[in-house]
Amino acid sequence: MFRLQGRLHQDNFYTEIEPLKYSKWCIEFDVVMLYRHGDRSPVAVYPKDPNTESSWPMGLGQLTNEGKEQEYNLGQLLRRRYGDNLKFLNKTFNVKDVYVRSTDYDRTLMSAYCMLAGLFPPTKEDSWNKNITWQPIPVHTEPKKDDHLIYLDNPCPVFTSKMEYFMSHDPEVLQVKNDTQDLVKYVAEHSGLPATFQGMMKILDTIFCEQTHNKRQPDWLNADTLKRLNYIQKTYKVKWWYPTHEMAVLKGGNLLKKIYEDMQIKVNTPANLTQKIMVYSAHDSTVAALLKTMKIFNDRTPTYSSCVMIELHDDNTVRILYRNDTFTDDIVTLTLPGCSEFCDIDQFHTILNDSMPSDWRKACGLSDANEQNFKNNILGYSVMACIIFLLTLLVVTICCIYQRQRKQYRYMELPTDMAES
């Protein structure tokens with residue numbers, strides 16, 4: 001077992017740790033890492049935006065050079081922690097040690113490659129080109145429609161229904177909407193977005209990205225408007241992603257369940273498994289969903305390259321660490337409610353059992369939909385089969401009529417007497 005040394009400052013369930021000071025301890029089993037991609041361009045521009053898509057050479061929603069460096073630095077931080085200091089991770093990459101999965105987005109895939117470049121710089125044995133201090137490491141992904149683990153925008157009817165109810169009935173939401181009616185109207189008039197609260201929320205990300213990269217700001221975006229928009233962004237946007245624990249479970253519960261099940265396999269059959277690190281490259285919404293599901297989220301936006309580390313130790317205890325500062329190596333421990341910093345895996349399960357749905361699809365209300373889709377498919381296939389049968393019957397009938405007509409009009413020899421006349 002190992003312990004971090006340093007000054008501790010308790011803030012709710014967050015404990016700050018002076019970074020990278022270790023005594024002699026090691027991780028025997030497993031580490032799961034979930035991190036957010038690096039800095040990116042905005043995913044969209046608004047109708048009256050003074051900046052256009054051409055203002056972003058890499059394209060919209062893409063990893064920037066700053067983002068690449070942020071992910072590379074994260075990889076170096078993880079190398080120092082789990083390699084240089086804890087001696088848990090080998091210097092050379094071995095496919096049996098590490099598995100990396102990303103959502104099917106350019107920015108998360110590229111973030112994974114950049115992070116791995118920092119985590120596994122090629123050793124002398126791994127070097128394949130003296131001019132390139134990099135080695136290719138596999139990153140796996142699933143199509144969005146099939147990814148129900150770290151891509152969170154797939155249909156979940158129950159979540160959608162609960163969110164619609166929350167946004168139309170929650171007192172705090174209604175109060176904020178009432179207090180920002182003038183702002184909504186002002187933003188809509190100058191941006192070209194719909195004059196709705198949701199329309200105004202869409203502009204927040206674009207403005208943030210444009211400010212970060214010193215792009216031209218519209219004349220209407222005065223200091224007071226910007227202050228109000230930033231306040232909404234910081235105070236409510238992430239908080240309203242998953243306003244209740246039940247809603248968070250519908251988005252983050254599937255991943256938490258997978259993490260727990262993988263840890264149980266490690267505990268029960270450690271000799272048969274060599275994988276040391278499981279890495280997920282995803283989004284701020286994914287990080288927030290997992291933390292909210294584990295009941296340890298403080299409603300602060302996960303920054304670029306923020307990273308959750310869940311460590312399974314040799315005495316079957318679980319420790320959760322979080323790095324939520326793009327520009328420092330500061331790491332905090334996250335303590336589950338009702339547990340200690342090093343939480344026994346059985347107690348971990350007891351505390352979070354209600355956060356891991358036994359049947360996520362059923363919890364989302366997808367089972368009935370799937371059954372209906374299956375019935376619709378069967379009906380569709382039956383109709384198609386009938387059409388094909390009728391067409392086949394029609395073709396056969398036409399062929400029979402054609403053959404009969406050929407027999408009636410086949411060549412007949414003229415009588416001899418007619419031939420001689």
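1. A term to start with: a charge sits over a ring if NZ of Lys or CZ of Arg is within 6 Å of the ring centre and within 35 degrees of the ring normal. In this predicted model, K144 meets that description, with its charged end over the ring of Y105 at 4.3 Å from the centre. You can find another case at W56, where K215 lies over the face, 4.7 Å from the ring centre.

2. Searching the whole structure turns up 13 aromatic pairs. One of them joins Y105 to Y151; this pair is tilted, with 6.0 Å from centre to centre and 45° between the planes. Distant parts of the chain are linked here, as Y105 belongs to the loop between β4 (98-102) and α2 (106-119), while Y151 belongs to the loop between β5 (140-141) and α3 (157-169), 46 residues apart. Y151 counts as buried because its relative accessibility is 13%, and the cut-off for buried is under 20%.

3. Next, have a look at Y260 and F348. Y260 sits in helix α8 (residues 245-268) and F348 in helix α10 (residues 345-352), so the pair ties together parts 88 residues apart in sequence. Y260 and F348 are both buried.

4. Finally, a group to pick out on screen: one aromatic cluster is formed by F197, Y231, Y236 and W240.

Note on methods. Residues are numbered from 1 along each chain as its sequence is written. This is a predicted model: local features need pLDDT of at least 70, side-chain atom pairs count only at pLDDT 80 or more; totals for chains, interfaces and linings use all residues. Side-chain values use heavy atoms; hydrogens and water are left out. Rings of Phe, Tyr and Trp (its six-membered ring) pair if their centres lie within 6.5 Å; planes under 30 degrees apart count as stacked, over 60 as edge-to-face and the rest as tilted. Helices (H or I, at least four residues) and strands (E, at least two) are DSSP runs, numbered from the N terminus. Buried means under 20% relative accessible area, exposed over 50%, partly exposed in between (1.4 Å probe, protein chains only).
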